[in-house]
Amino acid sequence: MIPYLALAAILFSIGLFGVMTRRNTIGILMSLELMFNAVNINFVTFNKYVVSDGLVGQIFAIFIVVIAAAEAVVGLAIVLLIYRNWKGIDTDHFTVMKW
Amino acid sequence: MIDFSSVADNFNVIYPELALLIGAFAVLLLGTVKRFAGLCTSVAGLTALIALWLAVDQFGTQQSGFFGMVTCDAFGSAFKIIFIAIAIVTMLIAHRFMIVKQIARPEFYALVLISTFGMIVMANTTDMIVMFLGLEIMSVPLYVLAGFARRSLQSNEAGIKYFVMGAFASAFLLMGIAFVFGASATTDLRRIVADFSYIIYHSGLYMYVGIALILVGFGFKIGMVPFHAWVPDVYQGAPTPVTAFFSAGPKAAGFAVLLRLFMFGFEGVAELSSIFWVLAVLTMTAGNVLALLQDNIKRMLAYSSIAHAGYILIAFAVGGEDALSAAIFYSIAYAIFNLGAFAVVVLLETRSGCRSDFSELAGLSKASPYLCAVLALFVFALTGFPPTIGFFGKFYLFSTAVKAGFIWLAVIGVLNSFVSVYYYLRVLKVSYFDRVEQPALSVSYTPAITLVLLITAAGTLGFGLFPQKLLEFAQSAVFAFL
């Protein structure tokens with residue numbers, strides 16, 4: 001079980017790092033997907049090794065896939081909107097409001 | 001095999017939710033036809049009223065359905081009423097503002113209704129899968145709402161910031177749920193509570209990691225320090241009625257789930273009390289101190305909402321039934337006077353060229369004395385002066401803390417309230433005493449917003465003088481699980 005959890009933890013950390021360091025908004029979206037998929041690996045692993053019967057983990061993973069897709073749709077729509085107004089999608093633009 | 005013969009009976013548990021959802025889809029359908037687009041507002045308002053009536057009808061009953069996935073207990077049905085009322089008030093506030101700012105689109109009402117549906121789902125379950133689904137149903141429309149003013153750069157920025165932060169928080173929350181699932185082999189809080197000591201003994205590490213990650217995830221959602229950085233930007237950038245909705249609805253929903261998770265599900269973890277002690281102190285202090293520096297009213301109210309979240313976090317540190325009903329009471333009270341304050345800000349912003357800076361308040365007492373008096377009432381409630389509901393809410397919270405022996409926590413809370421006096425009263429100082437060269441623009445009322453002001457003002461003052469009814473409501477809304 002531990003190798004799978006380690007894989008999930010590494011993926012989650014890569015996603016976390018990506019969200020915090022990427023300048024490009026699409027890059028941030030991709031990193032977020034990575035984090036969600038790390039969670040999926042965790043759920044499926046736990047379901048295989050911990051739960052004796054039942055498919056709760058797998059079902060939750062499918063729900064997460066669906067929700068990640070829905071979030072990506074809204075996220076990309078907002079990114080598109082920003083591209084129209086700013087002619088660019090780098091996070092450097094987002095400084096209209098400060099302290 | 002699962003027996004599906006009794007599924008039809010389950011639907012009477014979720015009548016208010018169904019009404020909201022049908023209304024939302026009706027609004028979306030009507031919105032596509034130009035000729036009917038004008039009807040959308042009334043349809044949305046009507047369905048919300050029907051949902052409110054159904055929710056009030058349901059209050060006090062204990063129901064469960066959908067194989068234990070939906071648990072409509074007193075706590076959940078109380079929050080149903082709160083969420084729907086907040087949605088109605090938001091729609092009333094928004095109507096005129098959206099037209100003036102030229103962003104009036106039927107989707108707004110559909111999104112508010114769907115988001116409210118999500119809040120109800122997340123408050124009415126003990127299963128973490130359903131909780132998460134409800135959270136996402138609530139959040140995804142909110143990302144759109146934050147960026148609703150498509151041509152405004154500020155609104156775009158609010159949308160993308162809220163989206164990234166929200167999705168980021170969801171990932172943490174999910175990781176937390178995954179670890180709790182790994183430790184307990186179930187996602188149902190009732191089963192976790194039943195086997196709690198066994199779970200901690202056998203896989204305590206996973207459980208602790210999971211609880212910590214869940215706390216981080218919800219910390220983002222309710223704007224808890226140190227996860228509060230997105231709050232001011234999103235509150236300032238989003239269209240003002242949307243900000244009003246943010247500060248009342250999703251916040252109350254976040255607290256509803258947090259209360260259920262940490263005062264019922266993970267109550268057995270003794271260390272949580274001291275963690276919440278630190279978080280409450282950090283949150284209210286940071287919120288109040290940073291609010292002192294603001295020049296924009298919306299931004300000031302954003303920091304003040306962080307501070308108020310800090311006051312509610314006191315209840316988590318204290319624990320127990322009294323603290324729970326104090327937290328519910330304070331959530332309701334905060335929703336009432338905060339929505340009122342935002343209604344005033346919306347009204348001021350519908351004047352041409354106003355961006356809700358403090359300087360725009362100057363001369364308001366001459367131009368519109370009644371509005372200024374109402375604003376004063378809400379400001380007193382935010383500060384916590386008697387005889388408003390804000391005073392009673394704080395009094396109830398702090399007195400439960402003192403009774404349970406958390407004297408320092410109550411002292412820090414009271415000191416924080418003193419700090420907050422400075423920036424809240426600055427609103428009144430500017431509007432009553434600052435000299436102006438040219439008279440302030442007068443505001444034009446609409447029936448909808450006048451109604452909101454009357455209701456919230458009556459609630460702030462009425463429940464402040466006679467808190468008994470609301471107190472009974474909050475006390476009857478503690479968990480009673482099936």
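Let me begin with B:Phe255, which counts as buried because its relative accessibility is 1%; buried here means under 20% relative accessible area, with exposed over 50% and partly exposed in between, for a 1.4 Å probe and protein chains only. This is a predicted model, in which local features need pLDDT of at least 70 and side-chain atom pairs count only at pLDDT 80 or more, while totals for chains, interfaces and linings use all residues. Residues are numbered from 1 along each chain as its sequence is written, chains are lettered from A in the order in which they are written, and side-chain values use heavy atoms, leaving out hydrogens and water.

I stay with the aromatic residues. Over all chains, the structure holds 37 aromatic pairs; rings of Phe, Tyr and Trp (its six-membered ring) pair if their centres lie within 6.5 Å, and planes under 30 degrees apart count as stacked, over 60 as edge-to-face and the rest as tilted. B:Phe255 and B:Phe316 form a tilted pair, because their ring centres are 6.1 Å apart and their planes stand at 35 degrees. This pair links distant parts of the chain, 61 residues apart: B:Phe255 belongs to helix α11 (residues 240–265) of chain B and B:Phe316 to helix α13 of chain B. Helices are DSSP runs of H or I with at least four residues, numbered from the N terminus. B:Phe316 is likewise buried, at 6% relative accessibility. The rings of B:Phe262 and B:Phe266 have centres 5.6 Å apart and planes at 75 degrees, so this pair is edge-to-face. Both of these residues, B:Phe262 and B:Phe266, are buried. Ring pairs also join B:Tyr143, B:Tyr162, B:Phe163, B:Trp230, B:Tyr235 and B:Phe246 into a cluster.

I turn now to the interface. Chain B contributes 43 residues to the contact and chain A 41 residues, where contact means heavy atoms within 4.5 Å. About 3800 Å² is buried between chain B and chain A, and carbon and sulfur atoms give 81% of that area; this is the accessible area (1.4 Å probe) that the two parts lose on being put together, summed over both. On the side of chain B that touches chain A, α6 (128–146), α7 (153–184), α10 (230–237) and α13 (297–318) of chain B each supply at least two residues. The most comes from α7(B), with 22 residues.

Finally, which element holds B:Ser356? B:Ser356 sits in the loop between α14 (321–349) and α15 (364–367) of chain B.
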